[in-house]
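Dear colleague,

I am passing the structure on to you with this email, and my notes follow below it. Please read them with the coordinates open.

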Amino acid sequence: MLARVSDPCSPIARTCRNLREVMRISIVRSPTKSALMIGLAACGADDAPADSDIVDCATVTDVDTYVVGLEHPGKAGVYDFKLMSAEPAPPARPDNTWVLQVNQLNAGVVGAPVEGATLKVTPFMPKHGHGTVIIAEITPLADPGQYRASPVNMWMNGVWEVTVRATVGDQTDSAVYKFCIP
Ligand SMILES: [Cu+2]
């Protein structure tokens, strides 16, 4: 255990260096004390958190299992969301490219593709109370209602919730994809 904790190449040490790097970028871009504090809270005083901080995704059940077309009806019942592809699949650290399909939802029935929507894809790690400073760029694709989001940045091992929000005019709806990132 001591050997692993002091091993500068251990996955968790890399994770925390990654966190520090993300926070450094965040501070350079927009100085926020809270971002720095989140970094310190997540990593502790050094780069060697306890073994229990490592999440074994094989034991986590309350998450999505990636399949092509993974569907989540929007919380407001306005739009339906499908994850048409993920690269890598299943989602992994750090950067992911997702293709999302957005359709109308009428009384629970999936309708026409939603074109011209503004999408926002926001990863968040509930256990640690942080997200990422890296913003996913959204590109509408030729297929009606399809949008590419990249990079969907989930840089840390553990459970992430990715909120996908679509807005057209005054219509907006969102769904949450929840993955354990190994
Ligand atoms: Cu975290």
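A residue is called buried if 20 or more other C-beta atoms lie within 10 Å of its own, exposed if 12 or fewer, and partly exposed in between, with C-beta atoms placed from the backbone. Strands (E, at least two residues) and helices (H or I, at least four) are DSSP runs, numbered from the N terminus. This is a predicted model, in which local features need pLDDT of at least 70 and side-chain atom pairs count only at pLDDT 80 or more, while totals for chains, interfaces and linings use all residues. Residues are numbered from 1 along each chain as its sequence is written.

Of the 5 residues of strand 4 (residues 109-113), 0 are buried, so this strand lies largely in the open. Strand 4 pairs with strand 3 (residues 95-106) in the antiparallel sense over 3 bridges, where pairing requires at least two DSSP bridges between the strands. The two form a hairpin with 2 residues between them, and Ala107 in the turn has a positive phi of about 50°; Leu105 stands opposite Val110 in strand 4.

Elsewhere, 3 strands form an open antiparallel sheet in the order 5-8-9, with strand 5 (118-124) and strand 9 (171-181) as the edges, each pairing on one side only. Strand 8 (residues 158-168) and strand 9 pair over 11 bridges, and Gly158 stands opposite Ile181 in strand 9.

Finally, Tyr66 sits in the loop between helix 3 (33-43) and strand 1 (70-73), and is partly exposed, with 15 other C-beta atoms within 10 Å.

Best regards
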